[in-house]
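Here are my notes for your first look at this entry. Keep the sequence and the 3D view open as you read.

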Amino acid sequence: MALDLSPQEASNIGTELQPRRSVIELRDVSKHYKDAGAPIVDRLTLSISEGEFVALTGPSGCGKTTTLKMINRLIEPSSGQIIINGQDVGDLPSHRLRQGIGYVIQNVGLFPHMTIADNVAAVPRLLGWKKDRMTPRIDELLSMVGLEPSIYRDRYPRELSGGQAQRVGVARALAADPPILLMDEPFAAVDPITRTSLQDEFLRLQQSIRKTIVFVTHDMAEAMRLADRVVIFGPQSKIAQVGAPTEVLSAPADAFVASMLGSGRLMQLLSCVRLRDVSLDRWPTLAQGLEGDERLAALSSAKIEGKNRVLVLDEAKRPLYWIYSDATGESSKVEVDCKLELDATSLRDAITQIVYCSHDCAVVVDGDGAFQGIINIQGIRRSLAPLAGAGTSAANIGVDK
Amino acid sequence: MSGFLQYLHYGYQTLLSESLSHVLIVVVAMLVSFVVAAMLGLLAYRRAWLAEPLLSITSTALTLPSLALFGLMIPIFGLGFVPTLIVLVIYAVMPILRNLITGLNSISPAILEAATGIGMTRTRRLFVVEVPLAWPIIVTGLRFSSMMVVGVAAVGAYVGGPGLGATLFNGLAEVGSRSAVPEVLSATIMILLIAIALDGLFWLISRLTVSPGIR
Ligand SMILES: Nc1ncnc2c1ncn2[C@@H]1O[C@H](COP(=O)(O)OP(=O)(O)OP(=O)(O)O)[C@@H](O)[C@H]1O
Ligand SMILES: [Mg+2]
């Protein structure tokens, strides 16, 4: 069981494996202000594929917001080229460009004099949508971000909590269904618990809407949690590292990146790696309904492999229970008490579960509940071995200094 | 007191027609001022460097004695409605313009950025976001301006302007006579009533036009 860490594979975790079209391209983009000496953004080149979720992160003042705003031309680059869908962003009138790009800003920026419905409808209105198309769309969007339309439609922004306002901000950006979404620290203004649930909801939403997203945050954990690919800006506005979260977490490019990641790095890595990303161990199984000799044969061949039990599966290969064989040849049934889902479970969750389950190992199933393999602590350690480089040993897992 | 009632008995028609013309010139002056202030405000919005000088002109202009201003009008425009209107407009524009500029400048940059960021043009942003947000401050300017104009309009009688100033100046000119006090008193009361009515009107306008989201 080893984690595949080749760069392409790693950057494809969480997405399809087919090659994808580049939607946003920054070519040698720089920004400097006349009065300031050093450039804010220095010859940045970055290509973002369709449906990709890219997080820009780095220390305060490193140029994340500037980079983001150059994409929708709220800030004009001093030099270089920005291409969206094969077209230079300078070719369109800037307001046309922006109407096609969803934008969520840090301080939400809802229009206080407009109702929630009017806020959400702002872009469709710019695009000249008819009312009979707009009204259902508003309700759809509000439900999508978890706000009951009948309650919130006619409220004003000041009647919302911070978290609710953030949701409306997201709904407004999504209103005209733009293929691209730019988000500048959209979840920064809320408490950690609300933030986590907003992140979860947003991830779920992204599963269904599949936008190309550029997301600015100074919160490393947030970047690692959400993004398919993370760009870490270093001092002097240079890119320190670009890669999938697992890639960056397992092999920080240099001491700067390592220091940005901090001591929680391995824990974050465990959160990023899903069970589907590691190879699982096999376990002897037995089809339900097989009795007598066949059962005995299965148990004894399991014994040869050094295993004292077999897993019984139903006809859809769903795990039912364990059958143990004891010294006398008698067998006993035991419930499967620890079942983990291949796509949804991170290694971190797996560890927690395994610690509490009664067989030292967890049964892994796919989305339909069919048996895929098992995972135990040794297996997790083995898959971590290649990740624990850069001077950190797997023994440090969970130790936050 | 009986003198006052007696005066009203004979003078109420004059008083009423003067009140009407008083209201009329105030309303015309307010309308013209609003248009002028809006144009100047738009200019200051497009050319940011104009805002500062315009604001300082507006505050110094308010310190001019109205009587002097009226006096200056006579050689240019003669007597009557027009010179009065011009002076009133000069006064009324100031607070309106001032609040217009202040109001537009007080809007949070985050909201402006959001408006631009979602694809509003500058003009659209002005009318859909900025003016509605600055509106409470603009209405306050209008309200203040109208109060001032009701008072200053009375002085317009000095250049033969319409309104309650005629009765007021009449009374003041013949202090000591029997009709002096009733004339001054009734004109003053009417001016006050007009002011109160206008104030109420602007309160109503503000109730009806300011978004509940920012009240
Ligand atoms: N108009 C400007 N003139 C000169 N310097 C500017 C201007 N706007 C931004 N800067 C500088 O550019 C740098 C990058 O700013 P930017 O807003 O992109 O940072 P950031 O990475 O988003 O930081 P934060 O995490 O604090 O939001 C900062 O050092 C800032 O001082
Ligand atoms: Mg920023």
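1. Helices (H or I, at least four residues) and strands (E, at least two) are DSSP runs, numbered from the N terminus. Please keep in mind that this is a predicted model.

2. **Make-up of chain B.** How many helices and strands does chain B have? The count is eight helices and zero strands. Read from the N terminus, the elements go α-α-α-α-α-α-α-α.

3. **Dimensions of chain B.** Take the box along the principal axes. The C-alpha atoms of chain B fill roughly 70 × 40 × 20 Å.

4. **Burial and contacts in chain B.** Chain B has 215 residues, and 47% of them are buried. Now look at contacts between residues at least 6 apart in sequence. In chain B, 76% of these join residues at least 24 apart.

5. **Surface and charge of chain B.** The accessible surface is about 10,600 Å². Carbon and sulfur atoms account for 74% of that surface. On the charge side, chain B carries 10 positive and 7 negative side chains. The centres of these two sets are 14 Å apart.

6. **Cavities.** The structure has two cavities of 30 Å³ or more. The largest cavity has a volume of about 60 Å³. Its lining is made of 13 residues. Nearest the centre of the largest cavity are Gln99(A), Ile101(A), Gly102(A), Val123(A) and Ala173(A).

7. **Who lines the largest cavity.** Which elements give two or more residues to the lining? They are α3 (94-99), β6 (101-104) and α8 (162-174), and they belong to chain A. The largest share, three residues, comes from β6(A).

8. Is Leu313(A) buried or exposed? Its relative accessible area is 6%, so Leu313(A) is buried, because buried means under 20%.

9. **What surrounds Leu313(A).** Set aside its neighbours within four places in sequence. Leu313(A) is then in contact with Thr285(A), Leu286(A), Ala287(A) and Gln288(A), and also with Arg318(A), Pro319(A), Leu320(A) and Phe371(A). Look at Gln288(A) in particular: Gln288(A) and Leu313(A) are 25 residues apart along the chain. Their C-alpha atoms are separated by 5.5 Å.

Methods
Residues numbered from 1 in each chain as written. Chains lettered and ligands numbered in written order. Predicted model: local features only at pLDDT ≥ 70, side-chain atom pairs only at ≥ 80, totals over all residues. Heavy atoms only, no water. Buried < 20%, exposed > 50% of the residue type's maximum accessible area, 1.4 Å probe, protein only. Contact = heavy atoms within 4.5 Å. Areas by Shrake-Rupley, 256 points an atom, 1.4 Å probe, with all protein chains shown as cover. Lys, Arg positive; Asp, Glu negative; His and termini not counted. Charge placed at Lys NZ, Arg CZ, Asp CG, Glu CD. 1 Å grid on protein atoms, 1.4 Å probe; cavity = no way out; pocket = protein on both sides within 12 Å on 5 of 7 lines; lining within 4 Å. Points joined across faces, edges and corners; volume = space filled by probe spheres on them.
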